[in-house]
Amino acid sequence: MARHFLLLLLPFVLAVSAPSHAAQKWGIDGEMTAQFEARVVDMLCELSGDCPENCGGGKRQLGLLRDDGRLLMAVKSNTLFAGATLDLLPYCGGRVEVDGLIITHPSMVIYMLQKHRKPGAEDWIQATAFAKDWKKRNGATDAKRWFRRDPQTKDVIGTYGKVGRPDLVPPPAAE
Amino acid sequence: MPRFARIALAVLFLAASLQSARAEPVERIRVEGELIDTWCYVTEIMYARGSAHYQCAVWCAVGGIPVSIRAEDGTLYVVLRVEADTRSVSNPSMVKIQSHKVTVDGDLIRRDGVNYLLVTQVADDQGVVDLTHEKFGIQPWGM
């Protein structure tokens, strides 16, 4: 359990101690730092031809179409327990430079977005758009432990319990 | 018709053809498996299956991390659509059935080592049946 906790804290520790231009490794099997340019695409549009305006306005998963034709889905951002859609949405249909991790697992390949910028721009932007949006939506001053304070997560877990079934008693907290 | 107009029409027709040709080949399949949080499962940061991971799976789905179905043989299918609903980011209906064992029919699209599934019908929902919390506790952070 301690290892898991440290792994979750790792990106924040490294973010203040490492150069700002390099993606931070998480110690995950199959990970590789990857900084590249790509075109931001709506995954459903790219795969099926169903293409609404503005890549679905934040309600669809977005991907990175590399110049070699390879498509990577951006599944995670630098906000805990949050995806990367809101970070990439401003680049919909256009080009972006990204910095993060490609993670290759036997079951699939994914991308974790850590930073992004318009190609040619000097400054990188931290991939924390979900946290900013969450604060705005909830009138909060910060997004710390947003996942425990969010109305939707509280509603679902309040209804179904921490193990997904109200008839089951969760185990005691770990030491 | 002027020559430039014919050329413009030809270009438009070609562009339209390329747009429609971009859609990938589709295979109709039936999948039985557990809805999982794609990030935690792929990274193996913690035990990411069943009731042990239910709470985290709900957090991640609300946070917009893609939801996948893990079939019995370990194959992952990223869900990009459920019937007519094309929301694959923080979709309330998908949040509510996180960690459930389901059977779905759908259109499978394979690309660059990933299976994408456009669900056409949820045929069965058994709820949370993989009671992993009995062995692993609640992941992460205990309670």
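Modeller: A polar contact is a pair of N or O atoms within 3.5 Å, where within protein one must be able to donate a hydrogen and the other to accept it, and where residues adjacent in sequence count only if both atoms are side-chain atoms. Between chain B and chain A, 12 residue pairs are in polar contact, both residues at pLDDT 80 or more. This is a predicted model, in which local features need pLDDT of at least 70 and side-chain atom pairs count only at pLDDT 80 or more, while totals for chains, interfaces and linings use all residues. Residues are numbered from 1 along each chain as its sequence is written, chains are lettered from A in the order in which they are written, and side-chain values use heavy atoms, with hydrogens and water left out.

Colleague: How many salt bridges are there between chain B and chain A?

Modeller: A salt bridge is a side-chain nitrogen of Lys or Arg within 4 Å of a carboxyl oxygen of Asp or Glu. The count here is 1, and it joins the side chains of R111(B) and E46(A) at 3.0 Å, N to O.

Colleague: What area do chain B and chain A bury between them?

Modeller: The size of an interface is often given as the accessible area lost when the parts come together. Taken with a 1.4 Å probe and summed over both parts, the buried area is about 5400 Å², with 66% of it on carbon and sulfur atoms. Counting contact as heavy atoms within 4.5 Å, chain B contributes 54 residues and chain A 62 residues.

Colleague: How many cavities does a search of the whole structure find?

Modeller: Rolling a probe the size of a water molecule over the atoms shows where empty space is left. On a 1 Å grid over the protein atoms alone, a cavity is a set of points where a 1.4 Å probe fits but cannot get out, whereas a pocket is an open set with protein on both sides within 12 Å along at least five of seven lines; lining residues have an atom within 4 Å of a point. The search finds 2 cavities of 30 Å³ or more, a volume being the space filled by probe spheres set on the points. The second largest cavity, of about 30 Å³, is lined by residues of both chains, including M73(A), V109(A), D112(B) and Y116(B).

Colleague: Which residues lie nearest the centre of the second largest pocket?

Modeller: They are K59(A), D133(A), R137(A), V89(B) and S90(B), out of 16 lining residues, and the pocket has a volume of about 240 Å³.

Notes
Buried area is the accessible area (1.4 Å probe) that two parts lose on being put together, summed over both.
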